[in-house]
Amino acid sequence: MRWSQLFTKTRREVSSSEAAANARLLIQAGYIHKEMAGVYAYLPLGKRVLDKIANIVRQEMNGIGGLEVQMTVLQPKELWQKTGRWDDNKIDNWFKTRLKNGSELGVGLTHEEPIVDAVGEYLKSYKDLPLLIYQIQNKFRNELRAKSGLLRGREFVMKDMYSFAASPRQHDEIYQTVLEAYGRVYARLGIGEITFRTFADGGIFTDKFSDEFQTISPVGEDTILVDRSKKVAVNQEIMRSPGLAKLGLNTDSMENARGVEVGNTFHLETKYTDALGVNFTDAEGKQQPVYMGCYGIGISRLMGLLAEHFADDKGLSWPDGVAPFKVHLLSLGQDKKIIEAADGLYDLFNSKQVEVFYDDRPARPGEKLADSELLGIPHRLVVGHRFLQDGRFEYAARRDLSKAGLLTEEQIFATIL
RNA sequence: CGGGAUGUGGCGCAGCUUGGUAGCGCACACGGCUGGGGGCCGUGGGGUCGCAGGUUCAAAUCCUGUCAUCCCGACCA
């Protein structure tokens, strides 16, 4: 993509009414647009990052047999009444609306009921199990207080997966598989080292703990205790839980930290399947209950976390896997030979399917260089006066601008791509 | 939802205390000079001062209400 085709611009200043560093950076760089508190639109660059994150999650979920679906945002009241969750005292952060005829509807904040309802139509035999179904969609929660930019919104992008198993044992196997896939997701996002499986409150359906994935960050909302050697953590909320002792952790010696919850997996037992009448026939012809788990990853929250974590005083600095483009190409100067060389390199990248962002604006060098650092694309190539001298391009990695070097066209493709 | 703060061209801000012609920077448009770290000069367009009442000869400024935004807390099944 050429910058001249892009409608967004970077800015020098960001509204003081946006305090969160992640949102300020993303707004300054033109990745997102704030619609209202806790509600952000994703502009071309931001949409690319969001999709990159979603695709990493998608690949890992597909890799363990997950089947992607798209569920509805509008949900019928009757379905939720069957599980007792329509009541505002049970779930108080729903957006609800009405049909013209007066019927009440829910605006999707989670999809256990609709998923079970839909899957139940097909799930009849032990031969149909296990099942892993997931969705990557916008979800809506009427938070009393949105905060921290993309970290806690009222409309957000979430991956939710739901597992269906024929027995507690089969459920545990699936659950373990999902945990491993989650670990791969965070590793690919570049936050594997600072993200910990964290024991947390399991919710009202089970006496088991749930597992959160907490990424250590000063902007985290949760307080956790971390054991780096065992690569696990404990949410402070379960410090007084009777089950804590069984974990075999010495919480006295664990490190206190703030964490951003970037994932959460629950054991749902048979709560939803029972309530919605979904069961299966076993090999002996008997009806048996279906054991469920649910597994969330906040896609847009991850984008906020990554923006916040991978940044310095010059701007964003995306990990390779989620950057909107791999290469930031920019021409400095209006010399025809420079423009021609930059155009040629741009075409070459495109022909080799290398994702390239080409700053072809007739702007001043300082502005273009500063913008490249703000946008945070991992690899920068400058076509400038050095090219006129000896035909080489100036290369710098966003993470290490001090180690800039000169490369020939061949070296570019041999060393950095 | 409790407490605190803030709303002035697209963005960042000043003006408000002590009421009297709405201003600066950035951005934008045009012209010129520049050309490796957000450069310079000139010209121009764009604002019912969040909204609604009230006080006053007169309100961005004072009063009341309301909406929005941010922060702290509570909440986050």
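The model is predicted: local features require pLDDT of at least 70 and side-chain atom pairs pLDDT 80 or more, whereas totals for chains, interfaces and linings use all residues. Residues are numbered from 1 along each chain as its sequence is written, chains are lettered from A, and side-chain values use heavy atoms, without hydrogens and water.

In chain A, the domain assignment gives domain 1 (11-310) and domain 2 (327-416); such bounds come from an automatic or database assignment. Their C-alpha centres are 40 Å apart. At the interface, eight residues of domain 1 contact five residues of domain 2, contact meaning heavy atoms within 4.5 Å.

| Property between domain 1 and domain 2 | Value |
|---|---|
| Buried area | about 560 Å² |
| Carbon and sulfur share of buried area | 59% |
| Salt bridges | two salt bridges |

Buried area is the accessible area (1.4 Å probe) that two parts lose on being put together, summed over both. A salt bridge places a side-chain nitrogen of Lys or Arg within 4 Å of a carboxyl oxygen of Asp or Glu. Arg-48 forms a salt bridge with Glu-355, with 3.0 Å between the closest N and O atoms.

On the side of domain 1 that touches domain 2, helices H1 (21-28) and H2 (44-63) each supply at least two residues; helices are DSSP runs (H or I, at least four residues), numbered from the N terminus. H2 gives the largest share of that side, three residues.
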